[in-house]
Every structure is written in structure tokens, then in C-alpha cells.
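My entries follow in the order in which I made them.

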Amino acid sequence: MTLHLSIFLWLPAALGVLGLFLPGKAARLLAALGALGALGYAITAVVDYDRDQGGLQYVTDRTWISELGIHYKLGLDGLNLFLVLLTTVLFLAAVLWSMRKPIEREQHYWLHMGIGQSAVLGALMAQDLALFVAFFDLMLIPFFFLTAGWSTAENRIPAVMKLVIYTLVGSLLMLVAAIATAVLSKDAAGGELTFVLSDLAQTQLGEGTQNWIFLCFAAAFLVKMPAFPVHGWMPDGYRAMPLPVLAVFSGVLSKVAAYGFLRIVTPLFPDAAVNFQTLMLLIALASILYGSALAFTTTDTRLILGYSSLAQLGFILLGVFALNPQGAQGAILQSVNHGLVVAPAFFLVALASERAGGSEDIRDMGGLAFRAPVMATVFLIVALANLAMPGSANFVGEFFILLGVFKAKLVIACIAFAGVALASVYSLRLFIRVMHNRTGADTDSREMTVRDGLVLVPLILAIVALAFYPQLALQKGEKDVTGAVATAFERSDADEFAKQSASGEGAEDPTQAANAPRPQSGGSGQIVIDPNTGQPVDPNTGQPIDPSTGQPVSPAQEPTP
Amino acid sequence: MTTVLAAAKAPDFDWAALSPFLALLGGAVVVLMLGLFRARFAREQLVPFLSLAAVGAAIGLTIWQWDTRTDLISGALRVDALSQNLNLIILATTAAAILLSWRAVAPRESAHGEYHALLLTSAAGMLVLVGAQNLVTLFIGLELLSIPLYVLCATEMRRATALESGLKYLIIGSAGSAVLLYGLALIYGATGATDFAGIAAAADAEGLADDSLLLGGIALTVVGLAFKCSIAPFHQWTPDVYEGAPTPVTAFMAVATKAAAFGVFLRLFDVALIGSSATWAPFLALLATVTIIVGNVGALGQSSLKRLLAYSSVAQAGYLLAGVVVASQLGVRATVFYLAVYLVMNMAAFAVIVARERETGLGDDLEAMRGIGRDRPLLAWPMTLAMLGLAGVPATAGFIGKFYLIDAAVDGDYAWLGIVIVVGSMISLRYYLRVVTTVWSNDAPAAAVAPSAGTPALAGASQDGPSEFRPGAERHWEVILVAALFGAATLVLGIVPGPLFDLVGEAGSGLGLF
């Protein structure tokens with residue numbers, strides 16, 4: 001079956017442009033149709049994607065600018081498949097949620113939503129470095145318009161300026177880095193200038209070059225995520241954005257940054273990734289601790305979710321820079337999980353704020369659960385998923401990430417475990433302060449409407465479904481996700497070889513581990529992941545094992561970190 | 001050069017290759033005469049129409065001669081891909097400027113015939129400049145473009161700032177010309193040749209690459225050209241002159257002068273002085289850095305759009321200089337490409353400013369843009385696209401242009417200059433986005449005030465001249481057309497840049513670079 005990714009990619013933007021020339025209601029309908037069509041397309045792609053074959057599928061490859069060797073190359077593989085699905089789900093939810101209230105200059109709103117979705121999809125599907133950079137930069141612009149035009153915050157213009165300039169600072173550095181990558185690869189390998197990722201991966205740049213290029217890319221991605229020292233735009237930006245816009249911004253755009261690390265940085269600059277591994281892990285750790293600490297001290301619900309995202313993205317970064325298959329798989333899974341959790345969380349905050357006299361401060365909320373049991377239940381599910389309750393997909397994701405880090409850097413993994421505990425503190429605090437406790441002064445509790453439910457319940461169902469079948473998102477991507485970090489894994493493994501064998505971790509055969517962590521005859525002591533359960537198992541017996549000890553565990557004990 | 005000798009023996013003119021230049025001069029003479037008629041129709045409609053026709057004819061003749069590669073007038077002028085490309089850019093700018101001045105105040109106050117004749121003469125000077133391959137022609141071209149511009153800046157005679165602008169431009173421009181002339185003299189003194197190929201040959205044969213006389217000449221030439229391109233620290237005149245000059249003239253000056261000056265920059269440095277590139281390239285890179293920083297920082301606090309665009313043009317000159325620094329064919333192509341997209345983006349912005357000047361009476365103040373997103377989509381979108389394009393946002397021509405320039409810089413081992421360019425772009429977002437947020441602001445547009453309130457009549461100018469435009473008067477379709485056309489081009493060339501790449505594809509091939 002052939003799927004034309006170009007249609008998929010441009011559908012939302014095209015319908016948005018069309019809506020510009022139509023009355024508001026028609027534009028609204030078109031926006032919904034665009035988002036729905038994209039979702040349908042994404043589902044078809046996920047179902048149709050050939051897992052056994054793996055690799056890039058549905059590839060569109062045309063020359064865009066021949067003088068610069070830039071191709072319009074799109075493709076889906078295990079790395080981006082579920083992120084694309086997540087994007088379409090969240091955008092549809094955001095579009096539907098936006099329809100709850102009348103919107104000024106409606107056509108423009110839907111236009112920017114459509115362009116935003118197309119740009120995010122483009123960044124996720126681009127298989128050409130220049131195209132990726134273009135989409136990555138472009139996706140910020142509609143959000144700039146959406147915030148500047150439809151925000152109700154008073155300081156929206158300064159806030160959105162800060163957001164745009166902060167994030168584009170990194171992105172523009174990435175532009176130079178991308179051009180340097182292509183030009184220097186051409187100089188190193190001869191031949192034509194090309195930006196196609198698969199061609200660039202053929203040439204490894206010198207280590208010094210890799211290092212500065214890596215730093216430029218890291219700047220772009222870390223700001224976008226955001227990560228701890230460069231998150232300065234986040235509080236103001238989160239406070240200023242309209243909530244449906246914020247839901248997709250927090251749910252999707254930050255994931256593109258995490259995805260960028262796996263798509264571009266680890267395959268193209270493996271040596272630099274190994275060199276800066278510790279630094280990046282420390283940044284991730286700082287994000288987790290800092291984000292968690294602020295999430296349970298601040299009282300603004302948006303910021304609680306914002307700082308919790310900071311912490312969660314710290315986990316994802318941790319997984320990426322474990323530089324091994326488990327970490328990478330966890331990072332991708334956790335990206336999907338977090339997107340699915342944070343978007344309904346923002347919608348629920350919107351509902352709660354409507355019931356608390358418009359305030360978004362948790363001190364003005366409370367006691368909402370008494371007359372709104374369904375809403376409270378939904379909120380509870382979201383909160384529990386956010387704190388990575390065992391049984392949720394978030395738990396599996398964090399487990400994978402910590403497993404990966406555990407193998408790479410023991411000390412960092414141990415500290416990161418604290419982050420898991422902290423997550424439960426801020427998630428439960430948010431839930432309790434909003435839903436229980438003493439009733440706030442101006443609160444007027446009422447159940448959520450069926451219309452709200454139409455948006456929220458499918459998202460909740462997705463969370464629950466993923467909790468039962470986390471391997472759903474893992475299996476299809478397995479091969480490509482491990483491939484993304486394979487080179488870096490080999491390099492880091494070579495560095496760590498002596499240390500690992502000395503500490504009795506057991507030396508792994510890098511090629512085997514890199515190919516796929518599925519049950520196969522491996523050296524004793526090797527830990528692999530059972531793709532059916534998502535749990536670590538002994539490759540020889542198929543028994544679940546404890547990754548820290550390497551000993552089999554009984555099913556009753558497992559799995560608690 | 002054998003061609004030079006051959007031409008000297010049998011001096012004949014290749015009229016066909018020279019025809020675009022002649023069309024402009026002929027047009028200038030005709031409109032000058034026609035402007036003397038009493039009939040209002042002849043002055044106000046026929047004159048601009050005929051000057052537009054002259055520019056159209058010049059464009060047609062340029063395209064007719066597209067594949068011509070020859071030397072003209074004993075090797076004084078060169079017709080090659082570079083000059084043809086720049087001719088098109090200059091002529092397109094001139095056409096747009098004529099459309100913008102069709103119903104403007106400036107030609108009414110100064111007389112239509114003179115105004116358009118000066119505009120055409122200045123454009124003719126630019127054509128000479130981009131083809132010049134001889135120090136004498138270079139200087140003649142530069143003066144032919146500058147002197148009409150000095151006058152044009154002051155054509156809104158009842159506005160003090162316009163006169164100030166003209167005077168300032170005259171004094172500083174003359175100083176620049178003097179410095180340039182001194183530099184050219186030193187280059188001639190060092191090498192004993194005036195034609196570019198002869199200079200290169202002499203410098204090569206006598207090992208003059210590090211000769212202090214030649215380097216002194218190069219330094220002074222850089223300074224002289226830097227005045228024309230508004231490269232920091234020789235840019236101080238730019239904001240005042242841009243702000244004071246009539247807006248159509250500002251638009252013409254901002255784009256066409258820059259294209260012509262960079263054309264000669266490329267030809268002089270990449271042909272005549274290529275032997276000393278190891279010396280001047282780092283120096284020019286430093287100048288580019290200073291220019292990018294100064295331009296972008298200077299634009300930050302501006303509330304006058306013309307001043308903002310003036311500083312922005314300083315910054316853009318810095319970006320363009322990167323293409324000269326690397327002294328490669330890629331660099332030439334990138335520079336010409338960027339000049340083309342710069343034309344498109346700037347013209348869109350200036351056209352919107354002209355339209356709002358006439359409608360609101362707020363002049364070129366940023367407030368004139370407030371809230372036009374609500375009811376004037378044909379002005380709001382071009383302005384938005386122009387600003388995003390100048391900032392280098394993807395899906396606009398500006399992104400591709402910057403991409404090309406950075407590519408050329410990295411390819412020429414000037415990766416750090418690429419980083420300087422993006423650092424400049426980051427700063428520039430601050431002021432470009434301020435314009436965009438104003439355009440799409442939800443606040444009501446500021447109340448229109450009478451134009452006379454902000455622009456006091458100058459003593460000495462007659463009070464009973466033709467009436468000024470009233471705010472909210474009829475909408476000028478030709479201005480909106482320019483805005484919409486170039487706004488659309490900003491977007492289209494950002495998505496489908498292929499044709500423009502084809503156009504500039506050979507720009508560097510005639511210069512003997514690799």
C-alpha cells in the first residue's frame with residue numbers, strides 16, 4: 001500500500017489556507033476535517049507499517065534545491081511513527097477543544113493551527129537535514145501568532161517574544177551546524193553536496209568538528225525541550241499561551257526536540273555524543289530535580305504542569321543519552337506517554353479554572369470532586385499516569401530509561417530514581433489541591449459536559465490502552481530506535497568496556513546488542529528486553545530478571561524499581 | 001587582454017548589448033521633455049507611464065541579450081551573467097519605484113518630468129556600475145547613480161527632513177566618492193593599469209599582493225564603497241537619509257543602490273584585486289561582523305519604520321558582504337541570490353509603508369501598521385511575509401537566501417562568519433517581530449491625524465501647492481499591487497526557489513574564480 005506522505009503533511013495547512021477565504025464556521029469545519037484526516041492517515045500508516053521490514057517506508061524523495069543538494073525527502077520509520085500519531089491525536093484534540101468557545105478572527109486561528117500541525121509533521125518526517133531545520137524553525141512561527149493573537153494574558157507580547165527569540169537562538173545555531181555538517185562531509189568524502197540524512201550518515205566527521213556541531217544542535221534541542229539551564233522562556237510562555245495551544249505545544253513540540261537527538265545527533269555525531277554524554281546526563285538530572293522541586297512549590301497550575309514537563313523531558317533526555325537501545329526505546333515511549341498525559345492535563349486545568357472563577361491558581365481551587373466524580377476520575381487517571389504508577393505506560397517508559405542509564409552511568413541512575421518519587425509528590429499534590437481539600441471561595445463545582453468528554457475520554461482511553469499494551473508502541477519502532485543509537489552505543493561501549501568488565505556488569509557484544517534486544521543466544525549475563533512484555537528477561541531462559549542483579553525474579557516481585 | 005587590444009584597434013559599439021542602458025537614457029530624455037507640457041494628464045499619467053515603459057523596454061532588451069557575453073566600449077563595460085542578473089534586479093526595483101511614486105507627493109512638488117528623468121538616469125548609472133571593469137567607468141557609474149539620488153532625496157521640497165536628507169546624502173556621498181577616487185588612484189599608481197584584468201595581471205606579475213601602495217588603495221576603495229553600501233562604521237548617514245527621503249526613493253535607494261554597489265564590489269575584488277584576497281578577506285569579514293552587529297542593534301529601538309528598515313539594510317549589507325569575503329563562485333552566486341530576495345522582501349515592506357503613509361497620515365511610524373491585519377489583508381500579509389523573510393524564517397525567500405550565504409561562508413572556511421550571520425538574525429527577530437505583532441494587533445488602529453500636523457511646511461515653500469493626500473482617501477491600487485506581488489514572491493520563492501537558482505546559476509562564471 002502506498003501512502004503519499006505529502007498529502008498527509010500538507011493537508012492541515014492546505015485546509016487552513018482554504019478556510020481563510022470562507023466564513024468562520026466553514027473554516028472551523030475544515031480545520032476539524034484536516035486534523036481528522038491527518039489522524040486517519042496516521043492510524044493507517046501505523047497499522048500498515050511493515051514491522052519486519054523496518055526502516056524507512058512510504059518514502060517521498062524529490063530534489064528540492066539541486067544547487068544546495070537539498071531533498072524533499074519524507075519517510076516514516078520506527079523512530080517517528082508513533083510521534084507522528086501522537087501529533088495528529090493531540091492536534092485533533094486541541095482543535096476540538098478550541099471549538100468550545102467562540103474565537104475572534106477564527107479563520108486565522110485555524111490557519112495557524114493548520115500550519116503548526118503541518119510544520120510539526122514535517123519536522124518529524126523529514127529525512128533531509130536542511131528540510132528538518134526548515135520545518136523545525138517554521139513550527140515556532142504559527143505558535144508565535146497563536147499566542148500573540150489569541151492569548152488573554154496581559155504581558156503576552158513580551159512573553160511570546162521571549163519564547164520565540166529564546167527558541168530560535170538555538171534553532172539558528174542549528175542552521176549553521178547543519179550547513180557545516182553537509183559542507184564538511186562533502187569536503188571529507190568528496191562528491192556532491194547533500195543534506196540527505198542517509199547520505200550524511202555514510203561519512204563520519206572528525207571528532208573536533210563533531211564536537212562543535214553537536215553543541216549547536218544540542219543548544220537548539222535543549223532550549224526547545226526545555227532543559228534546566230535554558231528553560232527561561234518556559235514560565236512566561238506557558239502562562240501566556242491559550243490552553244489548547246499550550247496543550248499541543250507542550251505535548252508535541254518539546255518531543256520533536258527529543259526526537260531530533262535520536263534522529264540526527266546520535267547517528268551523525270556519535271563520537272561527540274559519547275564525549276558529551278556525562279554533561280547531557282547531568283543536564284537531564286538537573287532538569288528532573290529542578291523541575292520536580294519547582295512543580296511542588298509553585299501554585300500556578302500551568303506552571304506545575306510546565307515544571308513537571310521539564311522533569312519528564314529530563315527523563316527523556318536521560319534515556320537518549322544512556323546511548324543504548326533500552327534508553328532510546330524508553331525515551332521514545334516516554335515521549336508518546338508524556339504527550340498523551342500532558343494534553344488532557346492542560347484541558348482539565350482549563351475545566352478546573354472555569355469552575356474556580358477563572359483563576360488558574362491551586363489556592364483558589366479545591367473540592368471540585370464532590371459534584372464532578374467523572375472529572376475527578378479522569379483527572380486521577382491522568383495524575384497517576386503522570387507519576388508513572390506501575391501499570392501505566394509511563395512506568396514502562398521510565399523503567400526502560402532508568403535501565404538504560406543504569407547500564408551507562410550507575411550513579412546518575414541512582415539519583416534519577418529520586419525523580420520518580422518526586423513525580424508522585426507533585427502529581428498528587430496537583431490532584432488533591434484541585435479536586436479535594438476544602439472547597440475554594442469562588443469555586444462552583446459542576447460535572448464536565450459530554451462535549452468535554454468527547455475530547456478527554458479518547459485521550460484517557462489512549463493512555464489506558466498504552467498502559468495495557470506498551471509493546472504496541474515499542475515493537476514497531478524497536479529496530480530503528482536501536483539503530484539510531486547503535487553507533488554511539490558501540491563507541492561508548494568501547495570506552496566503557498574495561499570499566500564494565502571490572503565491575504562485573506558483563507561485557508556485551510556491541511553488535512548483538514545494537515541489532516535488536518530480542519531473545520537470542522547471547523553471552524551469559526546479558527539482559528535483553530522481551531518485546532512481548534516490555535520487561536527485561538534472561539536471554540537463555542526467557543525468565544524475567546532484575547536488571548540490577550541479573551538474577552531471575554518471580555513474577556510477584558516484579559516490577560518495582 | 002586580446003579583446004581589449006582588438007577593441008582599441010577597431011572601436012565599434014555593440015549597440016545591441018548596450019541597448020538596455022540606452023533605453024533608460026532615451027526614456028529619461030523623453031519624460032523630461034514631456035514634463036514640460038501643461039496638460040495635467042501628460043504630466044501626471046503619461047510621464048510615469050512612459051518611464052515605466054522605458055524600464056520595461058530595458059528589461060525586455062536585457063532578456064533579449066541574456067546570453068551575450070562581451071566587452072563594450074573598448075573593454076570599459078562587461079556584459080556577462082553577473083551584470084545581466086544585477087541589471088534585472090535594478091530594473092525591477094526601478095519599475096517598482098516608479099509604480100510607488102505614481103501618485104506620490106514628491107513628483108508633484110518637484111515636477112514629474114524631472115523626478116522620473118532623475119530616477120531613470122540613476123538607474124542607468126547603476127547599469128554602468130555593475131558592468132564596469134575599468135576604474136574610470138566604475139567612478140563614472142558611481143557618480144551617475146549618486147548625483148540624481150542626491151536630488152531625488154530632497155524632492156519633497158516642503159518637508160524639512162527631506163531637504164536635510166538630500167543635503168546629508170550629498171555631503172557624505174561626496175566624501176565617500178572622494179575617498180573612493182583616492183583609492184582608485186592609488187591602485188592605478190601601484191599597478192599602472194585601470195582595467196580590472198590589467199590590474200590583476202600587473203599585481204600578479206610584479207608580486208604586488210602585499211604592496212603597501214596597492215593595499216592602501218584597496219583600503220580606501222573599501223571605505224568608499226562601504227559608504228555606498230552602508231557598511232558600518234560608514235553607515236551613519238543611512239537612517240537619516242532613508243527616513244527623510246520620499247518613501248519611493250528610499251525603496252529605490254535601499255535596494256537598487258545596494259545591488260549596484262555590491263555588483264561592483266564583487267567585480268572589483270573578485271577580478272582586479274583577487275591576488276590580495278588573503279589580505280582583504282579577513283578585513284572584510286571583520287567589517288561584515290561589525291556591520292551585522294551595528295545594524296541589528298541599531299534597529300532595536302526604532303519606532304520609525306523607515307529608520308528600522310535603514311538599520312536592517314545595514315545589517316543585510318553585512319550578510320551580503322559574507323558573499324564577497326569568500327571570493328568564490330559560490331560566494332558570487334549567493335550574493336546575487338540574496339540581492340534578489342532582498343529586493344523582493346524590501347519592496348513588499350516599502351510598498352506597505354507607502355500605502356499606509358497615504359491612508360493614515362501617521363507617516364512611517366510603526367503605529368500606522370497597528371491592526372491592519374483586521375481589515376487590510378492585502379497589506380498585512382505582504383508586511384508580515386516581508387518581515388519574516390528579512391528575519392530569515394523558513395518558507396520565505398529570506399531563509400533560502402541566508403542558507404545560501406551561510407553555505408558559501410562555510411564552504412570558504414568562514415564558518416564563524418556563518419555563526420555571526422545567525423547571531424545577527426537572532427537579534428533582528430526582536431524588531432521584525434515587533435512589526436508583525438503590531439500588524440496583527442487586536443487593538444484598534446490609531447486615530448488618523450492630518451498629515452500636515454506631523455509635517456510642517458518649510459519656510460520658503462509655497463503654501464498653495466497641490467493639495468496633499470487626505471488620510472483614508474482612495475486606495476492606490478498600484479501600491480497594493482506592488483505590495484501583493486512582492487509579498488507573494490517572498491513566499492513563493494521561499495517554497496519554490498528553483499527558478500531563482502537557475503537565474504543566478506552562472507553569475508560567478510565570468511569572473512575567473514573557482
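I set the burial cut-offs before anything else: a residue is buried if 20 or more other C-beta atoms lie within 10 Å of its own, exposed if 12 or fewer, and partly exposed in between, with C-beta atoms placed from the backbone. The model is predicted, so I kept in mind that local features need pLDDT of at least 70, that side-chain atom pairs count only at pLDDT 80 or more, and that totals for chains, interfaces and linings use all residues. Residues are numbered from 1 along each chain as its sequence is written, while chains are lettered from A and ligands numbered from 1 in the order in which they are written.

**Entry 1: chain A overall.** I found that 61% of the 561 residues of chain A count as buried. I listed 22 helices and 4 strands in chain A; helices (H or I, at least four residues) and strands (E, at least two) are DSSP runs, numbered from the N terminus. For contacts I used C-beta atoms, placed from the backbone, that lie within 7 Å. Taking contacts in chain A between residues at least 6 apart in sequence, I read that 76% join residues at least 24 apart.

**Entry 2: chain A against chain B.** I looked up the interface and found 23 residues of chain A in contact with 26 residues of chain B. On the chain A side, H5 (129-138), H6 (140-150) and H7 (156-189) each supply at least two residues. H7(A) gives the most, with 13 residues. By class, this side of chain A has 20 nonpolar, 1 polar and 2 charged residues. The classes are nonpolar for Ala, Val, Leu, Ile, Met, Phe, Trp, Tyr, Cys and Pro, charged for Asp, Glu, Lys and Arg, and polar for the others, Gly among them.

Entry 3: I checked strand S1 (residues 57-65) of chain A, which pairs with S2(A) in the antiparallel sense over 6 bridges; two strands pair if DSSP finds at least two bridges between them. Asp61(A) has Lys73(A) in S2(A) as its bridge partner. S1(A) and S2(A) form a hairpin with 4 residues between them, and Gly69(A) in the turn has a positive phi of about 65°. S2(A) covers residues 70-76 and is mostly covered, with 5 of its 7 residues buried.

**Entry 4: Ile463(A).** Is Ile463(A) buried or exposed? I found Ile463(A) buried, with 22 other C-beta atoms within 10 Å. Ile463(A) lies in helix H19 (residues 450-468) of chain A. Leaving aside neighbours within four places in sequence, Ile463(A) is in contact with Leu340(A), Val341(A), Ile381(A) and Ala385(A). I also noted that Ile463(A) and Gly440(A) are 23 residues apart in sequence and 30 Å apart in space, C-alpha to C-alpha.

**Entry 5: helix packing in chain B.** I took axes as lines fitted to C-alpha atoms, for helices over the stretch in contact, with angles from 0 to 180 degrees between N-to-C directions. H2 (residues 15-34) and H6 (residues 112-131) of chain B pack at about 165°, with their axes 8 Å apart. H2(B) and H6(B) are therefore roughly antiparallel; angles under 35 degrees count as roughly parallel, over 145 as roughly antiparallel, 65 to 115 as roughly perpendicular and the rest as oblique. The contact includes Phe21(B) and Leu25(B) of H2(B) and Leu120(B) and Leu127(B) of H6(B). By class, the contact of H2(B) with H6(B) has 14 nonpolar, 4 polar and 1 charged residues.

I then looked at H8 (residues 160-191) and H11 (residues 237-244) of chain B, whose axes come within 8 Å and cross at roughly 140°. That makes H8(B) oblique to H11(B). Among the residues making this contact are Lys168(B) and Tyr169(B) of H8(B) and Trp237(B) and Asp240(B) of H11(B). By class, the contact of H8(B) with H11(B) has 5 nonpolar, 3 polar and 4 charged residues.

Entry 6: Most residues other than glycine have a negative phi, and most peptide bonds are trans. I found a cis peptide bond from Met225(A) to Pro226(A), with omega near -15°. Pro226(A) lies in the loop between H9 (207-224) and H10 (234-240) of chain A. Another cis peptide bond joins Ala232(B) and Pro233(B), with omega about 5°.

Ser230(B) is not a glycine, yet has a positive phi of about 50°. Ser230(B) counts as buried, with 29 C-beta neighbours inside 10 Å.

Technical notes:
Contact = placed C-beta atoms within 7 Å.
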